[in-house]
Amino acid sequence: MTQKEYRKAAALSEENAQRSLFDEYFNYVYTIVFSRLRSCASREDIEECVGDVFADVYMQFDERKAFNGDPTGFVGTVARRKAADMYKRLTKKRQGMVSIDDEEAAEIEAPEDTEDTVEKKELRSSLIKCVEQLGEPDSTIILQKFFFMRSSAEISKLVSMTPEAVRVRCSRALKKLRETLTAMNISL
Amino acid sequence: MNDKELNLDALENADEETIKIIAADCPASDEEKERMFAMSRKIYKERTKESEYKNEVEVSGVDVYKRPVWLKFAAAAAAVAIAAGAITGGSILLKRHRTPHIVESSEPSAFAMSPFGDLSSCKVRLSNAGIAPAVFEPREEKRKALLTALNEGDWNKISPDTPLPDGETELIYLKDGDRKFLLTLYGDHTIAYSDSDTQNDARYEIDLDTENAVREAIKYDPEAGDKLIYSTMYLYDPINSVWDEEVPEDPSAVDVFFPITQEHLSVSAKNCYYCYGKEWDPEAAVSCERIPGLVWYFGETDWKEADSQPNLIADDNTIHFRCTDNDALVTYYYTLYPSGYVNVRSENVEKSEKQSCLYKLDDFNINMIETGFRNEIRGATSSMTPDMALRYDPAISALLSRNDDPSKLTDVNEEDMKSIVKAIKAHPWESLPDDAECGKPVSRLTVTARLNIYDYMFEFYDNNVVYEMSSSKKYSVSPDLIGTLRSISDRVWGEEAVPAEKPTEKAADNETTDNETTDNGDSSDDAEILERARALYKDAIVRYKEYTEAGVPPGMEMDWGNAPNEWIGNMIYYVLPGVSSKDEIVEMFLSEFSERYHANDLDGDFPYLERDGKVYTTSANKGNNISYRDTELTEIKRKTDDEIFFTVINYYGDNGIDTSAPWTEQTEFSVVIQPDGSWKVGKLTIPY
């Protein structure tokens, strides 16, 4: 949805325009925010941050001096920045004030360092491929369980299975995934 | 890790490609999504002051807030005390006069100075359009003056659903113990009160003296002791979260990541400078003090050392950034080339040490920095007056009208453009309210800046008022500026040998202008040249947009729906079939468009980029000028040995969409004559 399309829709109904934009970019934004905050934030924090991202995007789309064209990159940038801000706030609150000379400082700063080495990227890529190779619904179950940290009951609704069946499949898929990772010499 | 666990932390903070894959499995339920959507709307509404309760509030007329009578006695007593020379006693009385010391009361608010109680002991943080979203804590003297004005002002309560005016607002965050609230000053002399517990903001009219005092206090002046705070406050709860950040020891310090040593440098934002261009230009370089967010992107970048040493040539889009440490001993230099190479170095004058390293950033990272810079600068300049904005976002072209005839504009050469911009910068522009009187329009000026999407379109009036049409803002300017522009206009238009006349009917005019004389004299050859140029010009506009915006060179087919696509950087790119290298497209492009003007038009990664033996494209229509009506190539302007220049008149306004008074803009079009006699498109300005 370009800014032009948004404005056209907003002229008829602001809420509908915002909903269209939200629906189009929700998965993308949620995943960026979750990916950044999963280690330190509650689900409520993540939801607030997602809401914050979209509110900012609506406002930017309202602005006269925004931009034309595909806004995906812009939306992603807002999401990354908001998530980074919240990460800083949450970790700062949790850790309190730490001197930069403190040995702990390096650890606290580490997640902020976005230096994404080739190794990390390769690991991510291999990991994702291994998960995808499990096929459906196992790959979804594994990601939901161990990345998005959803309960079996929640996952059961997504994959139309009983919670018990989810647990069984998850257990088998995890075993299979471990074997594949071990064969590839990947340890997590 | 036990057998039932799997650590997927490696997927945290993932790159774009991984995000795309994981996003397909986004688990949020409809209920969660709805909650987040509602949250986004709530935050948005709070931020924009849109009240969803406005229909529920009944208009109850004007409720005049009664200023406590005792205040007048206290003020009078203070005045008497001072007049009597009792300076000490008077000062004490003045200091204490805000304290409800008269008697104990069961209604403490009865002694309040403002409708919200005695504000004199409040902590204050302020924000205005110039520094938002940052806030600042005013120096003590200013804090006291502000609170005194608020306490002593006349507040008349008005209906909360009184329409909010357009324009900027000033924000006054107040904290008294645990109590936190916000006063928002609007351009219609009203202030709204809001806190976290009250749904409906109360709104008050204030007297002019109070308003002036507030506006004076809310001007950010770092040199006078105001302390800037880059707050990370949440939009949905700014009233409370604005207080989360402590006042930094050095309020102007920013965190600049220096990749060579992997250090985060704490330097003053005023010691950070940037400019765009082929080389560092000290005159064009501006401080990051008002755009401190620029440096954020260095810390988020994935810095990778280049494995080769290419011959780097800077162009107009090259970014130069410099900062100096607070002791002025070490200077850090960053040169960011659009190709993704970044030359980083430092010089320590005390130790005579130098460090340098060349980095090659991938598409995502260089796009992040370039887009980030662009957005930060656009954001900052959107709230600046034009004289300031053009320092941060330099002009690249301008059109100026005839004096006393704002309906005709012509493009000006680089030298005149510089003179115009210099004059704009040399004279302060003062913002005026939306309802400021405009006199008779006398001239117009359009300035295109490097980064701003919208041109500055100034209309000057005979009462020294300027209306900037893109932003609908009004300014008061010095008569000296108008005088300078008039003399430039005289010179520019004086150079036009044959002033362009507006045709009455385009179709009829096309026929008649074929027979018009040119400055080279009437000739059938020239008539043929003109006709040929008209056809080329019309075609060139369409083809240029196809090459540079649509992302599909003329004659090529693209099935966007089914083309293989990939996230590259922060955009989706599609494989362009039938092309094996970007050079092929550039070659096609330059076979029609002369290298003299267009050699670098397809540089960078937009809309084409080459990767792994494939050419990718992306499309983003830049949009059209809604005021555009028509274009006409009217005459041969001049000729050189290998180039012919033509006058182009573009017609705007009164086209059914834009109903403003019509105007014309005069630009140049040229053809570059090839050795074989064929033509290539030379100078070309897209009119819409």
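1. Lys304(B) pairs with Asp302(B) in a salt bridge, with the closest N and O atoms 3.0 Å apart. The term means a side-chain nitrogen of Lys or Arg within 4 Å of a carboxyl oxygen of Asp or Glu. Lys304(B) is partly exposed at 28% relative accessibility. Asp302(B) is buried, at 6% relative accessible area. (Buried is under 20% relative accessible area, exposed over 50%, partly exposed in between; 1.4 Å probe, protein chains only.)

2. This is a predicted model: local features need pLDDT of at least 70, side-chain atom pairs count only at pLDDT 80 or more, and totals for chains, interfaces and linings use all residues. Residues are numbered from 1 along each chain as its sequence is written, chains are lettered from A and ligands numbered from 1 in the order written, and side-chain values use heavy atoms, leaving out hydrogens and water.

3. Glu668(B) and Lys637(B) form a salt bridge at 3.1 Å, N to O. Glu668(B) sits in strand E31 (residues 663-673) of chain B and Lys637(B) in strand E29 (residues 628-639) of chain B, so the pair ties together parts 31 residues apart in sequence. Both residues are buried. (Helices, H or I, at least four residues, and strands, E, at least two, are DSSP runs numbered from the N terminus.)

4. Glu154(A) and Arg150(A) meet in a salt bridge of 3.6 Å, N to O. Glu154(A) is partly exposed at 25%; Arg150(A) is buried at 4%. Shared partners join Arg43(A), Arg150(A), Glu154(A) and Glu32(B) into one network. The whole structure holds 38 salt bridges over all chains.

5. In helix H1 (residues 16-23) of chain B, the buried residues are Glu16(B), Thr18(B), Ile19(B), Ile22(B) and Ala23(B). Seen down the axis of H1(B), they fall within an arc of 160°, so they line one face of the helix. The arc is that of the directions from the helix axis to the C-beta atoms.
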